[in-house]
Amino acid sequence: MMWASRWCLLPVLWAALVWPTAACSAQAIDLSRWQYGESVTQYLQLLRDEGATEQLSSAMQSPEWENINVSVLQEGYREGAFWLRGQLRNDSPVPVTRWLAMGSARLQDVQLHLSEPLTAGVPGAGLRWQPPQVAGTKYASAQREVQGRTALFALTLAPGEQRTMVLRVAGSSVIELGVALWDPAVFREEEGRELAIQAFVIGIALVLVTYALIQGVEWRDRGSVLMAVWICSALLFILSFQGYLYLYLLPRGGMWLVRVPVTLGCLTTLLHLRMSYLLVSLDQLPRWERRWKRIYDVMSAALIVVTIWIAAGDFRATAPVANAIAATCYLMWAASMLHGWRHGLDNARLLAISFGLAWSAMWLKMLELNGLIAHGILPDWQFSTLFQLGLLGVASTMVVGRALQLHHKFEQMQWSVLSLRMREQFKLEQAVNHRTSELRAALEVADHARHSKNGFFTSISHDLRTPLTSILGFADMLQAAGGEQGRYGRIIVRSARHMLSMINDLIDYAHGDRMDLSQPRPLYVHGLLQTIGQEGAALARRQHNDFSLDVSPALPPVLRIDAPRLRRLLGNLLDNAAKYTREGSIRLEVGWQAAAVRSGTGVMEMRVSDTGSGIPLHYQASVFEPFERAGADRSQPGLGMGLALVRQWIQQMDGQIALQSQPGQGTVLTLQLPVALADEQDIARDDCREDSNTHPLIDGTGRRLLVVEDSSDIADLLVEQLEMLAFEVELYADGESAVARIMQTDKPAPALVLTDYLLPVAKGGEVLRATRQHLPGVPVLLLSATLRPPTDRPDDLAFDACLLKPVNFMELQETLARLLGLPLPQLGAALAGTVAAVGTVAAVAATSETTGDTAGQGPLPPQESLQQARVLIDSGAVSDLLDWGDALLQQHPQCAGFQSRVGQLLREGDLFAVEALVNTALEAVRAGK
């Protein structure tokens, strides 16, 4: 019986052992006894749900419930969920309402499951549950029944009522399981007291921020500005750590809110490090300036990386690392401040003392969050209080200290500036005296240089003008030959005169005249473009290129323009195109855009295009700079000044230049030049006369010419030139009177009609039609101001010939001779005489070889002197040749006859004869050796 009774007691013992784990055996919590925030965690049981997979029903039936023996349970950064359960009862005779508060404000997901009132039976059996209440940063504030910075739940029990409470806590933040019960009125009173303290602290902090910002901006002090930013960041960190940021600024909640406190903490630490390094001036420590800079740079880089990692990575994995790095950075900061204090850095002492309290609180909290010290040593509210007090201390101390420091520095700067000003004034007086004496000396040197320059340009002008004079003389002779040779001669004359004009401008500039002043004058622009086109064609032929000139019919015949400068502009561009184009094509296009706002002006658009090598893209931005040339340009002669001068000139004329180029396809340069319209009557008589040294070549005796020209200057010039050729001239100023004269059959018929096109009343086409009708067989010569004269009727007959204004006298004679069948002389006798003269000199020199008496004037110079003269002749240096002759006379007086003959030929500008004389003498000297 005894053994049977023992075996019967075994199930009872087993039930007694198992019951605490199967049902809530902890002491029930009487709500009426708790109202001042006392912890009730030790009266609850804990279930660890590692995978966060348990439901309420399965969790209640789990055998793994365990009792809690501490007021706050620190679980760290743990995955899964935690279940807390306990029994609630109300032993008072009145209903009781309490708020259940979780200690940490950073919990993400907290759910409260409250059963229906228990009636009888075993606790925990057959429970029915009310809908769960939610709290935490995961949920919006509107979803919570009780608003607060921490998780709050309202519990109301009737007298004698008993219920089961189950809490489920989950999230990525540090899990702090601390449960307290509050009377609602007491809780709100305590909350109001905390808010008042926070408002007071934040108000003082904002005042310090404002003062620091004003001080930083006024004094241009980066340290003060950085301090203001650090204080703001620290305030945001505390507000997020205590839950105020979620409660007042981010009430919509979200999973990302758990990252905000740690992210702001790392950012605050980073700003604190940079502020400390700047304010303390750790770079002034002897032998440690580079080490501390390297250490602070490494810490800053680590904090930046971990801040980004926290914001975008796995929070559970990165948060402990961030806390450890921040704690390490604060330890290194403390070491650096002590080091600076030891070496007498004032700000290091101020920072170490004022921030010591906040630094201690921050470091202890970092250790607690990483689980290195027990929880409860520094609760959240104590940490926040200590940190805020330390923040106010360091902010107020540093702001005031920095202000005093900057004020002292400002006073020192004022004294330094005053002292420096006095020293500089003394130095300035000495420098002025010294500079005055130097300027006097420099003025004397400059005056001497000016006289030397004038002498040099006087000499060089002679050297430059003398060869051009010879070129012009021979070109005039070629013009006299007529035909193709005459055309070439006219091109040479125009180019030589253009070069002579540039030389004159250069000499004038050297004497002090300005070359950059544009001098526009009315002129026949089509004639100018034809001349430029002839020069461009000659340039293009050098490397077997085709050349074309395309002038828009809309281009007015007379414009007010600076002809020499325009000729230089287009000449430079055509020369560049000819240099870098081989066996391709070069094109000059000229268009016209009439002004849209005011009449009388327009834009002349000139485009020079080629199919040459092109300009690489990376060189196009610099080709307009002086002495800049693309890589392909190095093989060509020049200094790289052409495009630079073009841009300078076009800008001085209020124009624009644009470049388009592709390597291997060619280059297009576009010039846009604003110009004013002009009238043919504005052209001066001298501008109409293109040449003045040409002699008559034909004889028009007995022939009558009918001239129709409305411009009086041009008409007078034509009459003068034609009468010089012995023609009889009838002049008419309009087309109507000319047509009337042509229709008069009783008067002598003219041999030729010479007419302008744009005439008053009746145009040149009417004159042509009347001539063809009433004077058949009489040729009609058109004088046009445009390359393509307009036609006013579709069936107009063609003119027999057309000359472009201004009329070249030689071209006029050739055209009249061709139309009237007059004879033209061949190559002029003057040219033959010149060649014969050169041959005579050579013959005389050759005759004197046998006697040693060149030119009949005595012995010959030594071979070295003659070779030196050869070099000077090849370079065209006339003045140097004259100096050579003077030196020869001093060194070798016996050669006075030879020196006299050379000087005479040089003064005549006959370098051919000088070259023949020197060559003959050199051969005679070599043969005599």
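Buried means under 20% relative accessible area. The model shown in these close-ups is predicted.

**View 1. Helix H18 and its buried residues.** Helix H18 covers residues 712-724, 13 residues in total. From first C-alpha to last, H18 reaches 18 Å, close to the 18 Å expected at 1.5 Å a residue. Buried positions in H18 are Ile714, Ala715, Leu717, Leu718, Val719, Gln721 and Leu722. Ala726 follows H18 and has a positive phi, near 75°.

View 2. Strand E17 spans residues 585-594 and strand E15 spans residues 546-551. E15 and E17 run parallel, joined by 6 bridges. Here Ser548 has Arg587 in E17 as its bridge partner. E17 also pairs with strand E18, residues 601-610, this time in the antiparallel sense over 9 bridges. In this pairing Ala594 stands opposite Gly602 in E18. In a regular strand, side chains alternate between the two faces of the sheet.

**View 3. The Phe237 and Phe241 pair in helix H4.** The whole structure holds 8 aromatic pairs. In the pair of Phe237 and Phe241, the ring centres are 5.9 Å apart and the planes meet at 45°, so the pair is tilted. Both residues lie in helix H4, residues 222-242. They are 4 residues apart, about one turn of the helix. Phe237 has a relative accessible area of 6%, so Phe237 is buried. Phe241 is buried too, at 4%. Arg106 lies over the face of Phe241, 3.9 Å from the ring centre.

**View 4. The Tyr757 and Phe799 pair.** This aromatic pair is edge-to-face, with 6.4 Å centre to centre and 70° between the planes. The pair links distant parts of the chain, 42 residues apart. Tyr757 sits in the loop between strand E23 (752-756) and helix H20 (764-774). Phe799 sits in the loop between strand E24 (780-784) and strand E25 (801-804). Tyr757 is buried, with a relative accessible area of 5%. Phe799 has 22% relative accessibility and counts as partly exposed.

**View 5. A ring cluster, and an arginine over a tyrosine.** Trp99, Trp182 and Phe187 form a cluster linked by ring pairs. Elsewhere, Arg274 lies over the face of Tyr277, at 5.5 Å from the ring centre.

Technical notes. Residues are numbered from 1 along each chain as its sequence is written. This is a predicted model: local features need pLDDT of at least 70, side-chain atom pairs count only at pLDDT 80 or more; totals for chains, interfaces and linings use all residues. Side-chain values use heavy atoms; hydrogens and water are left out. Helices (H or I, at least four residues) and strands (E, at least two) are DSSP runs, numbered from the N terminus. The expected span of a helix is 1.5 Å times one less than its number of residues. Buried means under 20% relative accessible area, exposed over 50%, partly exposed in between (1.4 Å probe, protein chains only). Two strands pair if DSSP finds at least two bridges between them. Rings of Phe, Tyr and Trp (its six-membered ring) pair if their centres lie within 6.5 Å; planes under 30 degrees apart count as stacked, over 60 as edge-to-face and the rest as tilted. A charge sits over a ring if NZ of Lys or CZ of Arg is within 6 Å of the ring centre and within 35 degrees of the ring normal.
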